[in-house]
Amino acid sequence: MSLSSAAAGVPFDAGDAPAIDDASTAPSAMQLVFEACGAALHRYFAVRTGDMHLADDLMQQLWLAARGGGGAIPATRLEFWLRAVAKNLLRSHWRARRRRPEHVPMPDPELAVELAGRLVAHELPADELARREVRDQLLLALTELPAAEQELLIGCYFEQRSHAELAGRLGISERAVEGRLYRARQALREQLASVA
Amino acid sequence: MSTYGDKDEMLDRNLRQIGRALELPPTPTAAQRAAWTLPPSRPLSIRPSDAGEADPPAPHAKSKGKWLMQRPRMLAAGAVLAACAALFAFFLLPSGNQAIAASTIFRSLREAVHRGLAVELVDIQAEGVIFNGRVQLLFDQPFSLASLDDPAAAEPEPQAVYAEFRVRGDGSNDETAGLDVEVSAGLTEQDKWAFVRLSGLPNEVMKDVPPFVPFLLNMTRNGLLLDLNGLEELESVLGDDEADEVSAAVSEAFALAAGESTARPDAGVSADSAAPAGVDQHPSAAAPASADQDQAASDEQRRAAEIEAALHEILSGTAGAERIALVARELEQLAGKVAVNQVSHRVWELSASEFRVDADSDEAAFIGRAKLTIRYAQGSGIVSAELAEVGPANGRIRFGFIDEVDPTLLSRQRFIDRGIVPIDVGGLITMFGGSTDDSDDKPDPSQTKRDKDDDDDD
């Protein structure tokens with residue numbers, strides 16, 4: 001995978017990345033993962049801060065941390081590692097500020113679990129989707145997912161791309177897209193159901 | 001019928017609705033993505049809306065020792081400490097017949113493993129008060145600066161904290177004259193207590209208080225010993241983001257010592273009035289007062305960001321010659337004199353003094369005559385750092401590593417021996433119909449959730 005295709009936001013299969021402990025390619029493996037997951041990580045920060053510029057700042061801090069650490073992390077775990085670091089960065093940011101602003105969404109376990117059940121039981125009315133709390137829980141759950149699943153769900157449901165388009169973009173069959181979408185939907189529902 | 005069942009089909013339909021109704025944050029542009037990985041010599045993003053923002057720059061991604069790192073003046077003192085140690089890390093320190101590689105000092109600062117920190121402030125005079133206090137903080141596992149700098153490392157949790165301070169008005173202004181308050185607190189898993197003695201409130205305040213206040217003050221002249229064991233767990237008492245009176249009081253005391261405003265932060269759980277720009281508010285909507293002020297603030301922020309990035313690289317061992325030169329230039333600008341001397345067998349001291357500050361600035365009164373001393377012991381590493389002759393009262397700030405907190409300090413017994421009866425705060429709260437247990441709270445979906453424990457928010 002080239003950096004340019006990673007930068008284009010094509011979902012990245014971390015299993016393809018070279019081993020991080022290969023000295024000749026170690027820096028590029030981290031960079032590849034960072035680039036591929038960049039949009040998802042930025043979205044993670046943006047949803048939880050409500051501030052695009054702050055999200056950019058946190059991405060820079062995340063990159064600094066990625067450059068300084070992660071040398072012993074297996075390539076297949078890099079995204080997980082980056083997400084853990086991102087979580088710590090955000091936590092430290094709020095601690096430094098002592099308080100988070102009111103407009104920032106907060107996890108609501110009760111609502112999230114209820115939503116997870118209702119999403120498979122009946123069609124949600126439009127006025128429910130207009131509720132800020134419901135939108136917050138959905139965004140929080142979506143941005144917790146791995147980048148590949150996120151991008152697939154966004155491509156299908158937010159950008160309204162057809163399975164054929166997604167298949168062409170990912171270089172896989174439409175049947176494979178259907179299978180991946182199913183798993184991504186289940187992951188989103190499980191994420192909602194497991195909010196604590 | 002869906003290949004994967006009715007439930008998945010319903011989920012699919014709902015997600016299509018959600019996709020039409022929900023708005024995602026905008027996709028980062030190529031320029032934004034490029035900015036994330038700018039070389040550290042390039043400044044972080046500077047937003048016009050940040051000019052004059054009250055909050056200090058966020059420290060690097062760790063919150064340990066947050067009382068220190070949240071205070072800009074103390075952060076500056078810490079930065080001077082780190083700069084001194086790092087600068088000499090790249091020069092040999094000749095000392096008689098034996099040379100200590102400065103890189104050894106640097107490594108020791110970074111890698112030395114300790115269980116805790118101790119800070120002592122003596123006669124720090126600023127903003128009309130004189131502050132004396134100390135804090136001893138012990139963690140449940142050893143830590144090093146190297147681990148502090150690693151965001152993925154497990155965070156040690158506080159195991160024991162002892163804090164004491166006394167704040168007295170120095171008589172220089174009416175707002176603080178007459179103030180005399182003393183607080184001690186011991187916090188461990190086994191026992192949590194605080195001792196408060198309010199010997200005097202500022203005269204200006206006493207003029208306008210209801211008549212019963214002096215009566216209450218009399219009750220507190222011998223001090224109140226508060227039993228905090230009925231309250232929540234140590235972590236929430238120590239450092240929760242919300243209403244944490246003990247850490248807020250300690251933080252404010254350090255703020256006083258650091259010369260910051262004494263205005264207490266809003267203890268309510270309502271919105272932060274200095275909230276950053278939201279997703280739907282373009283930063284340019286918050287127009288700066290003037291282009292010059294904005295430019296000056298931007299330049300200062302850019303310079304501060306560069307220095308911070310340089311220190312981060314030095315501490316992480318990734319700094320190159322250019323970065324060292326940048327810090328050295330800053331140090332030369334900061335201190336007129338820097339020296340290293342051997343004070344005894346295997347013990348060296350690095351000292352810096354004659355800090356160059358604007359003669360008319362607040363810093364001049366506070367740090368203009370200050371002398372920084374870092375003591376290094378071969379085999380042990382950095383053992384202590386001290387900033388002496390601080391402020392008009394020639395105060396002292398001393399910082400060191402510890403491996404245990406004095407058990408006699410942590411014990412409340414000395415107050416009980418004086419006949420002071422502990423007050424069960426948790427019991428009082430329960431008696432008056434309150435609850436000390438968060439699990440009793442029933443979240444109302446229509447309300448915001450600012451008052452929940454949100455440390456594990458993800």
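A residue is called buried if 20 or more other C-beta atoms lie within 10 Å of its own, exposed if 12 or fewer do, and partly exposed in between, with the C-beta atoms placed from the backbone. By that rule B:Phe355 is buried, because 21 other C-beta atoms lie within 10 Å. The structure is a predicted model, in which local features need pLDDT of at least 70 and side-chain atom pairs count only at pLDDT 80 or more, while totals for chains, interfaces and linings use all residues. Residues are numbered from 1 along each chain as its sequence is written, and chains are lettered from A and ligands numbered from 1 in the order in which they are written.

## The two chains

Helices (H or I, at least four residues) and strands (E, at least two) are DSSP runs, numbered from the N terminus. Chain A has 10 helices and zero strands, and its elements, read from the N terminus, run α-α-α-α-α-α-α-α-α-α. Chain B has 16 helices and 14 strands. Two residues are in contact if their C-beta atoms, placed from the backbone, lie within 7 Å. In chain A, 69% of the contacts with a separation of 6 or more join residues 24 or more positions apart, and in chain B the corresponding share is 61%. Of the 196 residues in chain A, 51% are buried, and of the 458 residues in chain B, 28% are buried.

## Confidence

The model scores ipTM 0.82 and pTM 0.42. The predictor's confidence in each residue is its pLDDT, which runs from 0 to 100. Chain B has a mean pLDDT of 66, with 51% of its residues at 70 or more. Within chain B, the mean is lowest in strand E1 (residues 92-93), at 36, and highest in helix H1 (residues 6-21), at 90. Over residues 233-244 of chain B the pLDDT is below 50, and this stretch has 28 contacts in the model beyond near neighbours in sequence. Residues 438-458 of chain B also have pLDDT under 50, and for them the model has 24 contacts beyond four places in sequence.

## Helix pairs in chain A

Two packed helices are described by the angle between their axes and the distance between the axes. Here the axes are lines fitted to C-alpha atoms, for helices over the stretch in contact, and the angles run from 0 to 180 degrees between N-to-C directions.

| Helix pair | Crossing angle | Axis distance |
|---|---|---|
| H7(A) and H10(A) | roughly 120° | within 9 Å |
| H3(A) and H4(A) | about 125° | 10 Å |

Angles under 35 degrees count as roughly parallel, over 145 as roughly antiparallel, 65 to 115 as roughly perpendicular and the rest as oblique. The pair of helix H3 (residues 52-68) and helix H4 (residues 78-97) of chain A packs at about 125°, which means that H3(A) is oblique to H4(A). Their contact is made by A:Leu58, A:Gln61, A:Leu62, A:Ala65 and A:Ala66 of H3(A) together with A:Leu82, A:Val85, A:Ala86, A:Leu89, A:Leu90 and A:His93 of H4(A). For classes, Ala, Val, Leu, Ile, Met, Phe, Trp, Tyr, Cys and Pro count as nonpolar, Asp, Glu, Lys and Arg as charged, and the others, Gly among them, as polar. The residues of this contact of H3(A) with H4(A) divide into nine nonpolar, two polar and no charged.

Helix H7 (residues 132-144) and helix H10 (residues 174-193) of chain A cross at roughly 120°, and that angle makes H7(A) oblique to H10(A). On the H7(A) side the contact involves A:Gln137, A:Ala141, A:Leu142 and A:Glu144, and on the H10(A) side A:Leu188, A:Gln191 and A:Leu192. By class, the contact of H7(A) with H10(A) has four nonpolar, two polar and one charged residues.

Helix H8 (residues 147-158) of chain A is mostly covered, with 11 of its 12 residues buried, including A:Leu152, A:Leu153 and A:Ile154. In the loop between H8 and helix H9 (163-170) of chain A lies A:Gln160, which counts as exposed because it has 11 C-beta neighbours inside 10 Å. Most residues other than glycine have a negative phi. A:Gln160, however, has a positive phi of about 55° although it is not a glycine.

In chain B, B:Phe355 is found in strand E10 (residues 347-355). B:Phe355 touches B:Leu334, B:Ala335, B:Ile367, B:Gly368 and B:Ala370, not counting residues up to four places away in sequence. The C-alpha atoms of B:Phe355 and B:Ala370 are separated by 7.1 Å, although the two are 15 residues apart along the chain.
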